[in-house]
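Hi everyone, thanks for coming. Let me put the structure up on the screen, and then we can walk through it together.

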Amino acid sequence: MNNVLLILLSAVLTAAGQILFKYGMQRFSDIEFTHDSLPRLLWQILLSPSIICGFIAFGLGAVVWLFALAKAELSYAVPFASVSYILILLAGVVLFHEQPTGVRLIGTLLVAAGVVLISWK
């Protein structure tokens, strides 16, 4: 498989894991985490289907990342993997109806520009 495809697949799986974590944790946003409730809440969190799927996606992303690192230069692969930041910003807007600030949008555009520059041969 092509280096770029491995890196992008890893970034997509990593972003999917983060999105699933966010989705799974939304139901716990109003709960007060106290010393007494923490063990029970931790089990509820860890047994949540979204959290389990998030760990699977995140783990698969890490495995794919290892294969990408075996083939690509580190100074190329790591900055290129930041495409996951762009995917997560888009998911935040589309799936979670987040309203990113202008500074956050500019920062994400700069990350995207950096990915383009790094991938340019």
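Let's begin with Ser82, which touches Val111 and Val115, leaving aside residues up to four places away in sequence. Before I go further, please keep in mind that this is a predicted model. Ser82 is found in the loop between H4 and H5. Is Ser82 buried or exposed? Ser82 is buried, because its relative accessible area is 14%, and the cut-off for buried is under 20%. Its side chain also reaches the backbone oxygen of Pro79, at 2.5 Å.

Now on to H5 itself, residues 83–96. This helix has 14 residues and spans 19 Å from its first C-alpha to its last, close to the 20 Å expected at 1.5 Å a residue. Its buried residues are Val83, Ser84, Ile86, Leu89, Ala91, Gly92 and Phe96. What do they pack against? Their partners are helix H1 (3–25), helix H4 (74–80) and helix H6 (102–119). After H5 comes His97, with a positive phi near 55°.

Our other serine is Ser50, in helix H3, residues 49–71. Ser50 is buried too, with a relative accessible area of 14%. Again not counting residues up to four places away in sequence, Ser50 touches Leu20, Tyr23 and Gly24. Between Ser50 and Phe21 there are 6.5 Å in space, C-alpha to C-alpha, although they are 29 residues apart in sequence.

As for H3 as a whole, it has 23 residues and reaches 34 Å between its first and last C-alpha, close to the 33 Å expected at 1.5 Å a residue. Among the buried residues of H3 are Gly54, Ala57, Gly61 and Trp65. The buried residues of this helix pack against H1, helix H2 (38–46) and H4.

Finally, the rings. How many aromatic pairs does the structure hold? There are three. Phe21 and Phe55 make an edge-to-face pair, 5.0 Å centre to centre with 65° between the planes. That pair links distant parts of the chain, with Phe21 in helix H1 and Phe55 in helix H3, 34 residues apart. Phe21 is buried at 17% relative accessible area, whereas Phe55, at 48%, counts as partly exposed. Tyr76 and Phe80 have ring centres 5.5 Å apart and planes at 25°, so this pair is stacked. Because they are four residues apart in helix H4, about one helical turn separates them. Both are buried, Tyr76 at 14% and Phe80 at 6%.

Conventions
Residues are numbered from 1 along each chain as its sequence is written. This is a predicted model: local features need pLDDT of at least 70, side-chain atom pairs count only at pLDDT 80 or more; totals for chains, interfaces and linings use all residues. Side-chain values use heavy atoms; hydrogens and water are left out. Helices (H or I, at least four residues) and strands (E, at least two) are DSSP runs, numbered from the N terminus. The expected span of a helix is 1.5 Å times one less than its number of residues. Buried means under 20% relative accessible area, exposed over 50%, partly exposed in between (1.4 Å probe, protein chains only). Contact means heavy atoms within 4.5 Å. A polar contact is a pair of N or O atoms within 3.5 Å; within protein, one must be able to donate a hydrogen and the other to accept it, and residues adjacent in sequence count only if both atoms are side-chain atoms. Rings of Phe, Tyr and Trp (its six-membered ring) pair if their centres lie within 6.5 Å; planes under 30 degrees apart count as stacked, over 60 as edge-to-face and the rest as tilted.
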